[in-house]
Amino acid sequence: MPTATEGPELSVHIGADDLPFVEIGGGNKLKVICVKAQEGLWIVENVFQPGFAVQTHRHTGPVYAYTVSGAWKYAEYDYVNRAGSFLYEPAGSVHTLTCIEPDTRVWFQMYGANLNLDADGDVEFVTDGPGSLRSYYRLCEMQGYGRPNVLVA
């Protein structure tokens, strides 16, 4: 359970085991940590397995990513994000995330939305913080975790 601490400003602590990872298929997992809809902010943590891919997408805001373990890359670039790697993606960047090592764990801080693109580069659907939170809550309930106490503002 997140712990609030009184002080000049309210601090919120979320322990490593306070929020569950939910299965999203094939051993891949998602944890939604924070959604501040008015700021367009959403923070998630994922665990990916080799071969997992995220549909090609364009970001409407900046993204910050930190790789905790494993390795992943964008199909469009040569560099590989490995444990300890930090990645900044500016608004407007387009790429296709692919996982290349087992149990790759990545933390993403995103602003805005992901515009998921079809083969012609047209927007097929949109993923954002509030939508991800709804999906996370639904998956938590389906997988027996109840409704976790995500930091929402």
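There are 0 disulfides in this structure, a disulfide being a pair of cysteine sulfur atoms within 2.5 Å. In general terms, such a link is a covalent bond between the sulfur atoms of two cysteines. Take Cys140: it is in no disulfide, and the nearest cysteine sulfur, that of Cys34, sits 15 Å away. Cys140 counts as buried because its relative accessibility is 0%; here buried means under 20% relative accessible area, exposed means over 50%, and partly exposed covers what lies in between, with a 1.4 Å probe and protein chains only. Cys99 is buried as well, at a relative accessible area of 4%.

A word on what you're looking at: this is a predicted model, where local features need pLDDT of at least 70 and side-chain atom pairs count only at pLDDT 80 or more, while totals for chains, interfaces and linings use all residues. Residues are numbered from 1 along each chain as its sequence is written, and side-chain values use heavy atoms, leaving out hydrogens and water.

Now step back to the whole chain. Its secondary structure comes to 1 helix and 16 strands; these are DSSP runs numbered from the N terminus, with helices (H or I) of at least four residues and strands (E) of at least two. How does the radius of gyration fit a compact globule? For 153 residues such a globule would have a value near 15 Å, and the protein chain has 16 Å, so the two agree. That radius is taken over C-alpha atoms, and the globule rule is 2.2 Å times the number of residues to the power 0.38. Along the principal axes, the C-alpha atoms fill a box of roughly 50 × 30 × 30 Å. Buried residues account for 40% of the 153.

Contacts (heavy atoms within 4.5 Å) tell you how the chain comes together. Of those between residues at least 6 apart in sequence, 60% join residues at least 24 apart.

Trp42 is buried, because its relative accessible area is 4%. Setting aside neighbours within four places in sequence, its contacts include Cys34, Phe108, Tyr111, Gly129 and Ser132. Val80, 38 residues from Trp42 in sequence, is 24 Å away from C-alpha to C-alpha.

Leu87 belongs to strand β10 (residues 86–89). With a relative accessible area of 11%, Leu87 is buried too. Beyond residues up to four places away in sequence, Leu87 touches Val63, Tyr64, Ala65, Trp72, Tyr74, Tyr79 and Asn81. Gly129, 42 residues from Leu87 in sequence, lies 19 Å away between C-alpha atoms.

Next, look for Ser135 in helix α1 (residues 129–142). Is Ser135 buried or partly exposed? Its relative accessibility is 26%, so Ser135 counts as partly exposed. Its C-alpha atom is 20 Å from that of Val63, 72 residues apart along the chain.

Finish at Asp103, in the loop between β12 (97–99) and β13 (104–111). Most residues other than glycine have a negative phi. Asp103 has a positive phi of about 50°, although it is not a glycine. Asp103 is also partly exposed, with a relative accessible area of 47%.
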